[in-house]
Number of protein chains: 4
Amino acid sequence: MKAVRKMKSELGAELVTVDKPKIGSDDILVKVKATSICGTDVHIYKWDEWSQNRIKVPQTLGHEVAGEVVEVGEHCKRIKVGDYISAETHIYDPGDLTALLGQFHIGENMKILGVDCDGAFAEYFVVPEIVAWVNEKSIPPEFATVQEPLGNATYAVLGEDCDVAGKRMVIIGDGPIALFAIGVAKVSGITALFHIGKYDLNMEIGKKMGSDYQLYANKEDIKRVEFIKDHTDGFGVDIVLDMAGSPQALDEGFKMLRKGGRFTAFGVAAKSPCLIDYNNGIVFKGAQIHGISGRKIFDTWYRNRNFLASGLLDISPVITHLFSLEDYEKGFNEMMTRPRKSAKIILFPDEKELEQAKQRMKK
Amino acid sequence: MKAVRKMKSELGAELVTVDKPKIGSDDILVKVKATSICGTDVHIYKWDEWSQNRIKVPQTLGHEVAGEVVEVGEHCKRIKVGDYISAETHIYDPGDLTALLGQFHIGENMKILGVDCDGAFAEYFVVPEIVAWVNEKSIPPEFATVQEPLGNATYAVLGEDCDVAGKRMVIIGDGPIALFAIGVAKVSGITALFHIGKYDLNMEIGKKMGSDYQLYANKEDIKRVEFIKDHTDGFGVDIVLDMAGSPQALDEGFKMLRKGGRFTAFGVAAKSPCLIDYNNGIVFKGAQIHGISGRKIFDTWYRNRNFLASGLLDISPVITHLFSLEDYEKGFNEMMTRPRKSAKIILFPDEKELEQAKQRMKK
Amino acid sequence: MKAVRKMKSELGAELVTVDKPKIGSDDILVKVKATSICGTDVHIYKWDEWSQNRIKVPQTLGHEVAGEVVEVGEHCKRIKVGDYISAETHIYDPGDLTALLGQFHIGENMKILGVDCDGAFAEYFVVPEIVAWVNEKSIPPEFATVQEPLGNATYAVLGEDCDVAGKRMVIIGDGPIALFAIGVAKVSGITALFHIGKYDLNMEIGKKMGSDYQLYANKEDIKRVEFIKDHTDGFGVDIVLDMAGSPQALDEGFKMLRKGGRFTAFGVAAKSPCLIDYNNGIVFKGAQIHGISGRKIFDTWYRNRNFLASGLLDISPVITHLFSLEDYEKGFNEMMTRPRKSAKIILFPDEKELEQAKQRMKK
Amino acid sequence: MKAVRKMKSELGAELVTVDKPKIGSDDILVKVKATSICGTDVHIYKWDEWSQNRIKVPQTLGHEVAGEVVEVGEHCKRIKVGDYISAETHIYDPGDLTALLGQFHIGENMKILGVDCDGAFAEYFVVPEIVAWVNEKSIPPEFATVQEPLGNATYAVLGEDCDVAGKRMVIIGDGPIALFAIGVAKVSGITALFHIGKYDLNMEIGKKMGSDYQLYANKEDIKRVEFIKDHTDGFGVDIVLDMAGSPQALDEGFKMLRKGGRFTAFGVAAKSPCLIDYNNGIVFKGAQIHGISGRKIFDTWYRNRNFLASGLLDISPVITHLFSLEDYEKGFNEMMTRPRKSAKIILFPDEKELEQAKQRMKK
């Protein structure tokens, strides 16, 4: 079968032919309908410092995916051949204390699909049954594949308490997850959404996803904190969702938050430890900080299934490119272009699936 | 001034001229812009058993209201002359344990505006400053006056935990509060809203407010519980919101709820104690029942202000009639007609306000 | 091996010799160190209506247990031979919506150990790995075996929100779970614990477990509701935990609760539907009712492990009898005696374990 | 009357005779029975940079207090002459958004008793009725006066979710609030309490309050993080409560926390912004950080009243010195001694009250 694999310890990846993978008794084998490129894939493609320490070559890239189950291990109970599934990429260890307590998405011994084992940029991939999620058939593959990053967005928006309706929110960042988060926030009842980003295309997509105010992070003449206080009776917003992790975001983010508000820490800081205004931003502010990594398994998946299958949430503005899997390099090049000219890029191993997706996206 | 008052212990109410009320040092005097008829007003108008035991004549009716502050008591701190306000009708005793713990809307020694003291069906009314809520100027009086029942709806939808986004809900009942609740639920991220009611007009308004499925409570041929299970993978909905209180509602409501779901008990049972399937509906189901009376002070008001001022929530379909205060009898007659031919009815003491509202509602 | 089994559709059970059970690839085989008699076992022993409809003979009774793992199925990952374990008896179906959402203890397709399959009143028993809990070695078998009912108590006391410290509580009922609940409530910060029960021995054990006030349910001269209001500034308690399910408990329980309080519905009503004062007890009271069945998996187990291993919670007063498994009939007879002369009864298949337990309990 | 006042912009304070203060219509006048020295008082006494910017001389120090109401303003409703009260020191502005939403303890326009107005180191003091809390008569003045810092402890231990029973906790710091927190944590069901502090006396008091493990922060040979991981199955504790704010505390504190745990940020950092391991400590850890300032009004007071009046929580080990108000300088000197030789110091304006307290503390 075809697979996009990291073959050597250097920039790039190769389209190669490999054997169809074999499954263990707890695994399922999935024929890929659509897969999508994540920022993590770009890190591995670029072969940055993090990748060099974490990834063992050769390895198939990719972890956002939707496909059809073609084989199940002998001990699988929940998933059946023919199921249309996506996969949670946080493959938890059931013996982790977090897993025993129901916090499956974080753990001491967790593995990540496409990072610690072969991924889904291929015609087929293997994943343990415990992280498979059965998709509603009405959700097309180009939407089903992005439920993993959409799940990040939903968990980040809802936080630990899911209390958002009728509140006001700042979202900082303009990558695909931030753009998804705008959509989730708006359909969840955020009444004023202030979006802070850098790139014209993405600010525009954010607007289509429902942002009420667009503030550029990289324009000197805008007083962002003042603007937000002016539009919130002087108090600041109820919730700040940081998806950038930049020093500017962490500085301004806490200032935009009202006392007693919630700050979602999703963006990864380029350098950590980093400077935080601990006293004014957290202690005296009586703030709640929710560190968010991954997605609640499967609480977030359930909500997103409902959002997408009902049509309440339309994520199509975020999906900017559909490519054949063979054109993966085009995809990576688009992802690395700055200023950004893309948001979410979907790859299809099967040309027919690509054509059908193109037809659907045209409407 | 003009006021609609219960003068005698019998059906009806009278439009009379009375002195403008005087305020105490903790009160505010408000010139009424709009006021609206609640089911409680109808109970008092009809002079039913509850009213006969609770109301002391003569008394001015009405408690849903929006108006301008024209005088404030010498100890008022928060509210100023000229403020455009609405009033929370649950006038709490600050010494109640519930008030000390922040649950202001319920208490042992609470008074209700228009029930335990003169209300707002008049040119002017008096209310303690502690329950006044300053409205956003952009919210028109015909919307601002219904924030009290809208607050019931919002609190009932969000419950104690405010966890609704991406979930599925049944709403039983088709009075104005149920119709508001449909709108609140949909803008808060409910992806499938099953509405159960009786009257064509109200089912139609429910649809305009966003209900996804309309099921008649009074048609024999519909298997409501089965329908809902069929549309929720056999499990039932995450949340049931009962606003009817009928034996049928309480029986079916618990059956429609999935295990581990939330049941909001808002509707008042005609007779209580009443039969509840305690074992299957609550204990074995692992259900959470949230008894809801009133609105969180002022948490609910804040969210509704945001919903209305942002335009995210459009409540105009629920407002079916605008009358002059002098036409209050028309209003009560509409309210009492069955099958229902009205939802929310607004009264205006000032003809100019009535005309402006009519203009706005036309758009 | 020896096993206490229901052999015929009639009262009683028999000690028989059967083959050691065989395990499937996801199961573990456990050598029983201690097992204890639950009210459910008594129902099956008595062969009441519920048992006749649910149980298929022949079947081994018992589900409260502690033992050592002697064999694990080939696909077991978490549990190892030699582990000292207890078992969660709610064997969930991983495909239930509740299981997908982390509410493992309730579900449409759940099986109960010792009810829907052979139980633990035997030298060995089999259970799926997914419900096995590894015990701390320092917790003796006579404590470890009762962690299942202790888990009921802990979940019922903590409810869904776990907010109990510094609050006041009523516990109605005097079976072993209610007595455990008293202990859990007191070590969790309940400052005033009102215990309502019937039998002298159990009221006395409740006192040892920490109850602050003992009120008899079956004495006419005590005005229980008034007593509790008098001792809570006239407001009632913050939390009522019903473990009786009787009409009197459901009537008085809601009256003892303060407005805005929490009512834990754990006791099963003898007849359901039953009369509940829905309006005054739930709606107008703004009460939260938490229906509790089972125990959070494994959140409750984690807390109880901590409670027991640290010695913070001493449950020894509740354990009234230690018997050899062969003396199971003595155990059942004690359980059925009224007025109650026992609380928790432990059975030991191995005489040496029994002797050691007797030595420990003497101290 | 006698009062301890800051008369000049320099170190120290003076015992002077001033007029008894006059009350406004919303205030109460209180005859002081006991008052206690807070770290904030020491800052003002020392006249550090913060004090120089915040305090206007002359001003009476002190804000922890218990006393009897001798006069009430004409608009007071809840408090009566003769009431035995303590005072919440966060005098909120009812117009703050936080106050409208029930988060009274933080706000944009809040005033602090003894910081922004005259305090309680005097025979009489004045405070607005809205922050007065009526004490249970059975709580002696030397306990009632410290309910303000005890409230810090309780809020910090319970956090926003109050979920502590059956969990494991680290408390960093050994000032009086940290010592109170140990006691609150233990009576609230913390099963393993790791206390990290510096001074022998305070570590010893912590042990009396219930700490299970004592780890010195200032000893090089102890590997604190490793120790805690070793005692928590390698995962870390469920909750870390930082009351130190030092770089070491903020570094180690996050490392001691298990994934998905809660970190209470109570200690104020000496310098802010400061370095935080944002990625590993918050984002990847899926941690919840609760910034805590003040105490929930009056939720925390209610719980502490219950804790103290029931005798469940004994705070006497923390109270190390009882002085006459005239000996305030001894008190300040004790407070400033390092290594610490004191924890909580109580001052009595009335010699008789001092004598009675001494008698009670002897027992």
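**Ground rules.** I am reading a predicted model, where local features need pLDDT of at least 70, side-chain atom pairs count only at pLDDT 80 or more, and totals for chains, interfaces and linings use all residues. Residues are numbered from 1 along each chain as its sequence is written, chains are lettered from A and ligands numbered from 1 in the order written, and side-chain values use heavy atoms, without hydrogens and water.

**Strands in chain D.** I looked up strand 3 (residues 27–36) and strand 5 (residues 64–72) of chain D, which run antiparallel and are joined by eight bridges. Strands are DSSP runs of E with at least two residues, numbered from the N terminus, and two of them pair if DSSP finds at least two bridges between them. Ile28(D) has Val72(D) in strand 5 as its bridge partner. Strand 5 is also joined to strand 6 (residues 84–87) of chain D, antiparallel, by three bridges. There, Gly67(D) has Ile85(D) as its partner.

**Chains C and D.** How many residues does each chain bring to the contact? I found 23 from chain C and 23 from chain D, contact meaning heavy atoms within 4.5 Å. I counted four salt bridges between chain C and chain D (a side-chain nitrogen of Lys or Arg within 4 Å of a carboxyl oxygen of Asp or Glu). One of them links Arg305(D) to Asp233(C), with the closest N and O atoms 3.4 Å apart.

How values were computed: Helices (H or I, at least four residues) and strands (E, at least two) are DSSP runs, numbered from the N terminus.
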